[in-house]
Amino acid sequence: MIFYFSGTGNSKWIAQQLAVSMDDNTVFIPSVLDTPNFALKKDEKIGFVFPIYSWGIPPIVLQFIAQLKDELCENRYLYFVCSCGDETGLAPMQFIKSVEKKKWKCSAGFSVIMPNNYVLLPGFDVDSDEVMRKKLEEAPNRLQTISSLLRESYIGLDCTEGSYAYFKTKLIYPLFVKWGISPQKFYSTDMCNGCRRCEKVCPTKNIVLVDKSPEWGRKCTSCLACFHICPMKAIGYGGATKNKGRYFHP
Ligand SMILES: Cc1cc2nc3c(=O)[nH]c(=O)nc-3n(C[C@H](O)[C@H](O)[C@H](O)COP(=O)(O)O)c2cc1C
């Protein structure tokens with residue numbers, strides 16, 4: 001069983017590719033939050049696929065892991081595959097610790113470099129067309145390697161940690177969780193044509209259209225799917241998204 005979380009489709013694509021090559025099923029985490037019980041076959045492997053957020057793990061994924069029944073992964077092969085624009089920081093260690101709290105053991109973990117979707121801070125933008133194309137071209141090979149290792153029940157980690165990993169995960173990630181995940185600054189302009197794509201794509205169903213324009217509730221994960229999917233580029237976030245690019249997995 002492959003549990004996944006995804007905003008702009010990179011991690012969803014990874015989960016689906018793994019499911020095909022490992023003859024497995026995918027389960028979208030937001031649609032099973034508060035479901036602690038899953039029926040697993042004997043010797044079934046358990047995978048978690050998610051994007052990296054601020055050199056850490058999206059809180060919704062940690063919340064999901066914490067609520068699963070302790071018995072679920074006892075003595076099972078457990079792995080993660082995370083997608084990131086560039087680097088994971090110490091997110092792999094964070095994952096390992098979060099499953100150890102449940103007395104489970106993480107057998108393997110991998111990162112896959114995918115097009116970047118983070119645009120909310122100065123200096124952060126989507127990749128150039130060329131970089132995006134190169135990342136999308138290289139990802140299938142990387143996934144083939146990962147899925148054959150997973151099929152053989154490989155033990156180990158292969159993640160792109162990047163520089164100053166300790167500083168980024170231990171200091172910046174907590175600030176992101178405290179201050180960076182908020183729907184308050186989202187707005188839509190009069191370019192909005194009421195197509196409802198933002199409403200449909202939101203993983204936590206946090207957006208509703210009121211008088212033909214989106215309103216954001218409190219369950220935002222900061223995945224930015226609404227911002228990136230809008231065909232009219234009508235969604236913005238405070239002053240941060242002026243002149244920023246859009247990306248959604250093709
Ligand atoms: C809130 C947020 C924080 C991010 N932080 C990082 C990061 O620390 N390192 C990184 O390489 N990419 C970062 N990214 C980029 C995503 O991890 C990357 O684009 C990922 O593939 C998106 O997956 P998705 O399409 O499944 O949502 C961040 C994206 C978001 C939305």
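Tutor: Domain bounds, as used here, come from an automatic or database domain assignment. This is a predicted model, in which local features need pLDDT of at least 70 and side-chain atom pairs count only at pLDDT 80 or more, while totals for chains, interfaces and linings use all residues. Residues are numbered from 1 along each chain as its sequence is written.

Student: Between which domains does the ligand lie, and why?
Tutor: The domain assignment of the protein gives domain 1 (2-178) and domain 2 (182-237). Both of these domains give residues to the shell around the ligand, so the ligand lies between domain 1 and domain 2.

Student: Which element gives the most to the shell around the ligand?
Tutor: A residue is near a molecule if its C-beta atom, placed from the backbone, lies within 6 Å of it, and 25 residues surround the ligand, with S6, N10, S11, P51 and C84 the closest. Helices (H or I, at least four residues) and strands (E, at least two) are DSSP runs, numbered from the N terminus. At least two residues of the shell come from each of α1 (10-22) and β4 (78-84), and the element that gives the most, with three residues, is α1.

Student: How many residues of domain 2 are in contact with domain 1?
Tutor: Two residues are in contact if their C-beta atoms, placed from the backbone, lie within 7 Å. The C-alpha centres of domain 1 and domain 2 lie 25 Å apart. On the side of domain 1, 10 residues take part in the contact, and the number on the side of domain 2 is nine.
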